[in-house]
Amino acid sequence: MLWLLLLPIKLAFALTFGLLLLPFVLLRMAIKAALALVLLPFVFLFVLGVLAFAVLAASFALVLPLLPFAFIAFCIWAVVRATSRPTLHGA
């Protein structure tokens, strides 16, 4: 019941100090918005770089186990090419 009796005092206190603090709150919000507009492109570039690195790392993780097979295929190709007869061009 006491809170009901003190409600007008609380409301008056809140409205008074709310109106006094309003310019500071608006200034703080404007500074935060300006800072966000300045820093947002850098954050986007950083995120883009991290995503590019993640894609590169994932592609290496997928391709790396296949490298021994590619090396064997290259060796077979090189041996076959070295031992085959040369072709005649222009005939």
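**View 1. A chain with 0% of its 91 residues buried.** This is a predicted model, so keep that in mind as you look around. Here the chain exposes about 8900 Å², and 86% of that area comes from carbon and sulfur atoms.

View 2. Picture a box drawn along the principal axes: the C-alpha atoms fill roughly 105 × 35 × 15 Å.

**View 3. Helix α1 and its kink at Leu21.** What is the angle of the kink in α1? It comes to about 40°, and the spot lies shortly before the proline Pro23. Now look at the two ends of this helix. α1 has 62 residues, and a straight helix would reach 92 Å at 1.5 Å a residue. The end C-alpha atoms of α1 are only 73 Å apart, so to speak short of that mark.

**View 4. Phe13 and Phe17, an aromatic pair in α1.** The chain has two aromatic pairs by the rule used here. In this one, the rings sit 4.6 Å apart, centre to centre, with 50° between their planes, and that makes the pair tilted. Both residues belong to helix α1, which covers residues 2–63, and they are four residues apart, about one turn of the helix. An α-helix has 3.6 residues a turn, so residues three or four places apart point the same way. Phe17 has 40% relative accessibility and counts as partly exposed.

**View 5. Thr87, in the segment after α2.** Helix α2 takes in residues 67–83, and Thr87 follows in the segment after it. Thr87 counts as exposed, at 57% relative accessibility. How far apart in space are Thr87 and Leu5? From C-alpha to C-alpha the gap is 106 Å, and in sequence the two are 82 residues apart.

Technical notes:
Residues are numbered from 1 along each chain as its sequence is written. This is a predicted model: local features need pLDDT of at least 70, side-chain atom pairs count only at pLDDT 80 or more; totals for chains, interfaces and linings use all residues. Side-chain values use heavy atoms; hydrogens and water are left out. Rings of Phe, Tyr and Trp (its six-membered ring) pair if their centres lie within 6.5 Å; planes under 30 degrees apart count as stacked, over 60 as edge-to-face and the rest as tilted. Buried means under 20% relative accessible area, exposed over 50%, partly exposed in between (1.4 Å probe, protein chains only). Accessible areas come from the Shrake-Rupley method with a 1.4 Å probe; for residues, only the protein chains shown count as cover. The expected span of a helix is 1.5 Å times one less than its number of residues. The bend at a residue is the angle between axes fitted to the seven residues ending there and the seven starting there.
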